[in-house]
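The exercises below are to be worked with the sequence and the coordinates at hand. Each task is followed by a solution in steps.

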Amino acid sequence: MSAPALESTAAATRSAARRIDGALITLLIGAAILWFAPTGMGRYGTYVLSLWLVMSIGVMGLNLTLGYAGQSSLAQAGFMGLGAYTTAILTTKWGVSWYAAFGLSGLLTFFVGILLGFPALRVRTHYLAFVTLAFSTLVWLLLRNEQWLTGGAFGIPNIDRPQFFGIKLFGALEFHRFVVAVTLVLSLVLWWLVRSPWGRAFTALRENPVRAASLGVDTRAYTLLAFAIGSAYGGFSGSLFAPLVEFIDPSPFTLSQSLFLLLMVVAGGSGYFFGPFVGALLGVVLPEWLRFAGSLYLIIFATIVLALLIICPQGVSGLIERCWAALGRRFGRKAGGTP
Amino acid sequence: MAEFIAYLIAGIATGAIYALAAIGFTLVWQTSQTINFAQGEFVMLPAVLILLAVKLFGLPLWAGGLIGIAVFLLVFGAGFKLVVVDPMIKHGVLPLAIATMALSIIMKEGAKDGFSAEAQSFPSLVPTDMINILGAAISLQHVAIIVVAFAAIGLLQWFVGGTRLGRQMQATAQNPTVARILGIPVERMVLLTFLLNAALAVVASLLISPIYLAKFSNGETIGLFAFIAAIVGGFNQIRGALVGGLLIGVADSLAAAYVSTQYRMAVPLILLVAIILIKPEGLMGRKEERRV
């Protein structure tokens, strides 16, 4: 390796570290803003904000699978469904506390992810897409048909919101703050994970799997792990979703919803830490503001994603980065090596 | 026994439709590395376009049919390649696959908002009578589907293997670089594949819509089963897609009759997982080599 190459890698690492520290600060500030944001927004506005965060968790998990490990999972809504139903059934029927149900939902989806990913990743990249495609349909069939457990098409009503050390979080604002806290914790875990040697191995996989393998990274194990953790985030997201909406039925967990989540990852910018928040903003919050568009919104969203993919495959985050770099160049500053 | 034969024929008929969709899927994958997640919507849309043309312009069915098919071939054969695939292919397989997912949402929601959210009847080209074979009552429509689908597949096989143009297309699929050196117009061959895929989708659409009606959500099941058929049969050839399609169709039909109507969809899915576990290259497939 030549000296300039070494130098540029070192510079890249330094700038990456700076950016990720920036990510941490942004996370904390964002959480603080969101903690106070809903004052004066009313019940519905607060609900939309909470929904945004809950979906962001699911999209974050998918971003780990797609953006960092380079695998496409078409079952994230299925995993959310597993988490939501596990939580709903445990809390309403067996009186388990929400915290335990939350943990169990994550564990269950993690192990289901391992079970699914292991055979699929034995073969080749896109097979995971097909296996998860089949899986998400199977989950939906189970949710709809096993009436004794899931209530079938009628779903499960009256899901209680959790308590926090004796404080009931039943109001929209209290529960929103709870969601903010949980989202912050899960984001911090992911932030740490992506920065850790594990996370670097994930990225190495995406950039060049063969090279990563020749450098001694056990590609299959890492890909599997990324997918399983991503799936667990789907489970966590579902576990928060159930008490948020207080009533669940199979319809939000269909295959098309899984595709929609995947599009959110891409729209936000796959492989960017804040991509999922942007993507979920476009996919969940924007349609609430653009109510007049009605069912056309799905077409608009899909068209935006298609256009983004053709023009700038790095999504909105990539666009922002590009604009930033261009601005930097224009004002004569050094633009951190971005092309 | 008579009942079994009836279910078997019905299974082969739907299987032939899945095979048509799966073959198109395979062709496009071979020549341009496109995993088309909108394949089911490709089969759903022609019937919708035809009905739309009839409704909008008050045309007779044949004229509406010609317009609908022409528009579909133009937009989803040539347009799909030029607008979606060509600019995307340099970014790799995955972004392109995701782009086709976005396309599938656009097609499905577009059919729902632009045409109808309800299922619309689509005229059958053959009489809907039942005939009696070996004591089994068999729908003439099913027989017609089988005959037409197999004729189309036979024609395609002959085209690919027996004509100069078809062999040029095959060469392009197997090795574009060498094909280009040999003077084959690779770009035109790839375009031809996309047109063939759209044509197969039209045939499948015309065959299945009289039975399942024209509805925006039809593509979900057809697309899912077409993927499964392509993978079960073997990702890289027409023969495999045919075998996979028939197998899935028959398994689905028999499962609905003898296992459970609620879980009929699960049987092909389980078949898929079993194939991936036991013979990942598919029943008829060859092992693909890894490229560095």
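**Exercise 1. The surroundings of a glycine**

Gly113(A) is buried, since 29 other C-beta atoms lie within 10 Å; a residue is called buried if 20 or more other C-beta atoms lie within 10 Å of its own, exposed if 12 or fewer, and partly exposed in between, with C-beta atoms placed from the backbone. The model is a predicted one, in which local features need pLDDT of at least 70, side-chain atom pairs count only at pLDDT 80 or more, and totals for chains, interfaces and linings use all residues. Residues are numbered from 1 along each chain as its sequence is written, while chains are lettered from A and ligands numbered from 1 in the order in which they are written.

Task: Locate Gly113(A) and state which residues Gly113(A) touches, not counting residues up to four places away in sequence.

Solution. 
- Step 1. Gly113(A) belongs to helix α4 of chain A; helices (H or I, at least four residues) and strands (E, at least two) are DSSP runs, numbered from the N terminus.
- Step 2. With residues up to four places away in sequence left out, Gly113(A) touches Phe227(A), Ala228(A), Ser231(A) and Ala232(A). Contact requires that the C-beta atoms of two residues, placed from the backbone, lie within 7 Å.
- Step 3. Tyr233(A) is 120 residues from Gly113(A) in sequence, and their C-alpha atoms are 11 Å apart.

**Exercise 2. The end of a helix**

Task: Determine whether Val194(A) is buried or exposed, and name its contacts.

Solution. 
- Step 1. Val194(A) is part of helix α7 (residues 172-195) of chain A.
- Step 2. Val194(A) has 20 other C-beta atoms within 10 Å, and is therefore buried.
- Step 3. Beyond four places in sequence, Val194(A) is in contact with Tyr68(A), Gly199(A) and Phe273(A).

**Exercise 3. The sides of α11(B)**

Solution. 
- Step 1. Pro268(B), Leu269(B), Leu271(B), Leu272(B), Ile275(B) and Ile276(B) are the buried residues of α11(B). These residues are on the same side of α11(B) because they cover an arc of only 155° around the axis, the arc being that of the directions from the helix axis to the C-beta atoms.
- Step 2. Exposed Ala274(B) and Ile278(B) are carried on the face of α11(B) turned away from its buried side.

**Exercise 4. The interface**

Task: How many residues of chain A are in contact with chain B, and which element gives the largest share?

Solution. 
- Step 1. Contacts link 32 residues of chain A with 33 residues of chain B.
- Step 2. On the side of chain A that touches chain B, α5(A) gives the largest share, 10 residues.
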